[in-house]
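Morning, everyone. Please have the model open while I talk.

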Amino acid sequence: MKESALKNAEAAVQKAAAALQKTAAALQETATDLLAQKAVDLVIGYGRSSGGDVVPLFVGRVEEAQALEWNQHCTYNLVRYLTDPEVIGSFGSNRGAKKIKSGAGMEEATAKGAGKAEAVAGKVAVVVKGCDLKSLMVLQSENQLRRERLTVIGLPCPGVTDEAGRVLAKCESCPPEVYNPRKELCDLIIGEPVQRPAGEPLSNPDNQDSTYRDVERIDALNPAERRELWDNYFARCLRCYACRNVCPLCYCKECVFDQHDPRWVSPAAAVASNRSFHLIRAYHLAGRCVDCGECERACPVGIPLRRINRKAAKVVEESFHFRAGLDPEAKSPLVVFANEDPEEFIE
Amino acid sequence: MRILERKTLTDLLKSRLADSQIIAPVEVEGRLYFQQLDPRKGLADLAWPAADQPSGDSAPGAGSESSDSPNVTPAVDPLTVNSIKEFFFPRRQELYEQTPEGIIPRPVAAEKKTLLIFARPCDARGLTILDRVFLGEVQDESYRRARQGTTVVGLHCLQPDRHCFCTSLGGGPFETEGMDLALAPLGGERFLAQAVTEKGEALLASLAGKQAGEAEREITEKLRKVAEAAIKRSIQVPDPQTMAKHFDSPYWGEVSRACLTCGICSYLCPTCHCFDIVDEGYLRLRCWDTCSSDTFTRTAAGEDHRKQKRSRYRQRIYHKFSYFNENFDTHSCVGCGRCTRHCPVKIDIVEIVNGIGEAAAVGRPAMAGRPEAAGRPATGTGAKRRRSGGKG
Amino acid sequence: MTPARIYTPFAARVQELRVETRDVKTLRLVFQDEKVGEQFTFQPGQFVELSVAGEGEATFCLASSPEEKGFVECSVKRVGLVTEAIHRLDPNALVGLRGPYGNSFPLGQMEGRDLVFVAGGIGLAALRSLIKVILAEPQKYGSILILYGARSVADLVYREELEQWGSHKDLKTVLTVDPGGESAEWKGEVGFVPAVLEHLNPGRKNSTVITCGPPIMIRYVLAALDRMGFDPEAVITTLEMKMKCGLGHCGRCNVGPLYVCKDGPVFTYAQIREFVEQII
């Protein structure tokens with residue numbers, strides 16, 4: 001069943017190659033116009049390194065817009081750069097150094113990458129796929145963006161692949177209203193809506209059993225088996241923090257794992273501290289993570305990180321009937337309180 | 001030089017399981033890692049270099065010419081994700097306990113017999129570079145014991161992938177620096193074995209295998225040429241004056257923009273060796289660290305001369321391609337390509353280093369698709385001063 | 001003498017924790033093992049790593065003179081985890097001490113020369129050891145000027161020494177506080193150290209300047225010395241980067257190709273001139 005779904009997805013990708021080229025050309029034109037008219041100061045999109053890899057591209061000059069690309073290797077979630085002060089300057093609400101009170105007194109901690117920011121302090125355009133757009137919605141709901149200074153360029157997406165050409169698992173379960181970004185959430189949509197082979201209708205939150213099958217398979221294990229499964233993965237973890245640093249929603253200026261006074265979790269890579277790192281991060285993302293999958297893609301040792309966040313997402317969905325990233329106004333249920341919230345733990 | 005059959009090698013490994021650590025490539029969920037073999041499982045986990053078999057017309061993973069898709073790599077990446085440095089310089093290493101009552105040292109692990117098999121030339125060379133640090137003026141005892149106790153059996157590369165660039169840094173797919181015994185795959189599960197050191201000679205002498213003849217040497221020579229020709233990328237490190245000249249260029253802000261400041265490049269690199277010393281309760285230990293991290297140079301008082309990621313990325317490049325050479329007569333890079341291969345945003349170190357000079361002069365990297373800047377002289381390796389003797 | 005394992009510290013006990021200012025204390029340590037104490041020796045300019053159980057290690061320059069037997073002293077400014085823990089130590093508490101590390105002041109090159117010490121804040125600690133050694137044999141050197149400043153009167157360290165030096169016949173002492181830091185009774189200068197230095201305008205010929213202080217002060221002092229025409233080879237400073245191993249292995253403390261723990265912490269201005277922008 002999964003095999004044929006994958007095969008169908010791959011066929012769709014090939015068919016759409018021509019459409020991708022067309023979109024890329026239109027995107028280059030749009031970026032040229034935006035920059036020439038000074039509607040934006042920076043376009044964040046996809047380009048290519050001289051080594052042949054697709055890379056994030058930061059276009060500040062009109063003539064460089066021709067380097068923008070769009071193809072099935074455009075896996076990166078570029079929304080991540082909207083909270084990076086060194087990329088977008090003083091855009092948004094992120095600014096400068098922050099004083100943090102520690103046990104020893106006042107300690108001036110530096111923001112993640114802040115300092116003398118680039119002179120690009122103005123308007124930014126960002127190219128997004130549907131999954132990327134979901135993370136942008138969460139940033140918006142958390143007041144991390146000044147939406148009016150942002151030009152969101154949505155691209156209908158046939159699915160992206162890994163370097164071996166296989167469509168990513170996350171694309172397999174992506175619903176149409178995500179892979180064809182909704183007009184009302186974007187400033188521009190470039191490219192025709194994509195038609196992928198019919199997958200399961202997953203946008204219905206009541207249709208839970210088809211959404212979280214990978215999580216359910218793990219839930220079906222007994223605690224000892226589950227523990228062993230995850231500890232084997234955590235033993236591989238290098239604590240490179242790629243998962244955290246690639247995540248568009250991990251934007252804390254002073255991450256709890258970078259604090260050394262007190263040091264909450266040892267930075268040394270070992271099963272116990274790695275376990276703490278991943279579980280704490282999952283809790284910080286619960287109700288916020290949109291399953292863009294970048295963490296798992298970035299992990300150099302193949303830890304199935306999506307499953308951890310999706311477990312949390314499953315619990316949030318079951319408890320609050322909420323899925324992150326679909327509505328820019330909706331706040332995560334874990335940061336707001338409503339009278340109707342379930343309270344089974346209090347009897 | 002002798003011809004070793006696969007069975008000779010597997011017999012050797014099986015016989016060593018009882019009294020030695022065996023470190024070899026292991027496949028886990030589609031990726032290759034160097035790992036210590038679990039003696040209870042015998043050689044079951046060992047990933048024999050099957051993907052490396054020369055196969056005439058149908059060499060897998062040679063790569064399509066389509067400009068749209070970069071080379072399609074085989075399902076199993078022939079180069080391991082991790083390098084071999086962690087078996088000499090562990091990710092986490094307990095040093096001692098300090099309680100309010102006293103100091104209790106952790107014993108340095110005794111020298112353990114270790115057989116490390118199928119190390120690539122880049123990995124083996126990486127060890128010789130780490131030797132200059134850990135076996136220099138001040139010797140790291142645990143590192144020294146691990147080096148002395150380990151026999152490195154290397155494996156030559158038949159199919160370097162598009163990220164490899166060892167040849168432009170004094171290495172190569174058929175180089176032997178850092179190996180005790182070098183194996184060249186001849187096809188049909190045979191290897192041409194060449195002893196590089198006394199340790200390797202002793203090992204080879206203990207193995208059965210006929211002398212290599214002219215035919216085998218010719219095959220090996222052909223394979224070497226093919227492999228070297230397969231390496232398309234060439235890093236051209238500018239001379240120290242050019243490096244110094246462009247230190248303040250806005251180029252560094254441009255090329256580091258996409259960087260996530262994670263630790264992948266540092267932790268997978270065969271030559272990166274920065275570490276932190278931390279406390280876990282009363283236990284003091286050292287663990288890997290990366291200069292990419294925004295806490296690396298931050299003092300308790302909050303001072304930090306590398307607040308910006310552009311400063312940190314620049315530090316990485318200058319340390320590897322300028323400062324290290326000045327101190328140790330070699331760049332701190334073996335051209336394995338792991339940093340780019342596994343970077344979540346494919347930051348291309350070759351492109352960036354090659355761009356210092358032309359691109360740095362104008363402050364921006366060349367966009368892909370534009371002609372590469374005209375060639376510049378390759379770096380001189382003359383160091384201003386000799387830092388340490390190294391292992392030799 | 002070094003411990004068998006390069007990271008394991010000696011055990012030392014707190015003999016005294018002397019209050020200097022609201023956030024600086026001077027720690028006097030005695031080695032737990034007498035033999036270690038007898039054999040431990042160092043040169044002015046070198047540093048040690050001090051550690052407190054469960055809190056970590058930090059770098060401190062040795063502020064006592066190597067001639068002072070039986071103890072070593074470090075002055076500690078309270079800025080973070082380890083320094084806070086040191087400030088809270090009880091008498092006889094145990095600390096770890098690793099070292100001595102680094103290079104030292106080139107005493108031989110200073111003989112016969114006029115010496116100008118320029119220090120700010122806790123930076124005086126880095127020079128105290130050197131000054132004490134020099135004052136033990138002042139006849140070996142030319143004229144000696146000590147310019148020392150702090151943010152305010154209350155932030156001046158080593159009051160006792162400052163008084164002694166003030167009345168020492170072989171040296172001239174000039175104290176200053178930042179504008180706004182003076183008290184009603186203050187009789188010293190008022191002005192930032194680099195400005196007072198230019199005002200004093202010490203002679204360049206046959207002079208060696210030794211300076212230490214907060215990075216920003218060092219930067220401005222070096223610039224002032226440049227303007228005043230001092231030979232960069234005759235200007236000496238001691239740097240402190242965040243250090244961990246102290247041995248040149250962990251890669252953290254480099255300034256260009258120089259490791260502060262191994263090639264320093266004592267540098268001539270000529271050595272670090274091209275890297276000054278990087279470190280301050």
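**A sheet in chain C**

Strand β11 (residues 207-212) of chain C pairs with strand β12 (residues 235-238) of chain C in the parallel sense, over three bridges. Two strands count as paired if DSSP finds at least two bridges between them. Strands (E, at least two residues) and helices (H or I, at least four) are DSSP runs, numbered from the N terminus. Across that pairing, Ile210(C) stands opposite Ile236(C) in β12(C).

This is a predicted model, in which local features need pLDDT of at least 70 and side-chain atom pairs count only at pLDDT 80 or more, while totals for chains, interfaces and linings use all residues. Residues are numbered from 1 along each chain as its sequence is written, and chains are lettered from A and ligands numbered from 1 in the order in which they are written.

Back to the sheet. In chain C, seven strands form an open sheet with mixed pairing, in the order β10-β9-β8-β7-β11-β12-β15. Why is one side of β10 (189-190) and of β15 (266-268) of chain C left without a neighbour in the sheet? Because these two strands stand at the edges, each with a single partner strand.

Helix α6 (residues 193-200) of chain C packs on this sheet and touches β7 (114-120), β8 (144-150), β9 (171-177) and β10 of chain C. Two residues are in contact if their C-beta atoms, placed from the backbone, lie within 7 Å. The direction of α6 makes about 150° with that of β8(C); axes are lines fitted to C-alpha atoms, for helices over the stretch in contact, and angles run from 0 to 180 degrees between N-to-C directions.

**Two domains in chain B**

Chain B is divided into domain 1 (2-50 + 74-230) and domain 2 (240-362), with bounds from an automatic or database domain assignment. Taken over C-alpha atoms, their centres are separated by 26 Å. Between them, 30 residues of domain 1 of chain B are in contact with 26 residues of domain 2 of chain B. On the domain 1 side, β4 (92-98) and α2 (121-134) of chain B are the elements that give two or more residues. The most comes from α2(B), with eight residues.

**Chain B against chain A**

How many residues does each chain give to this contact? Chain B gives 51 residues and chain A gives 45 residues. On chain B, the elements that give two or more residues include β10 (275-280), β11 (283-288) and α9 (309-328).
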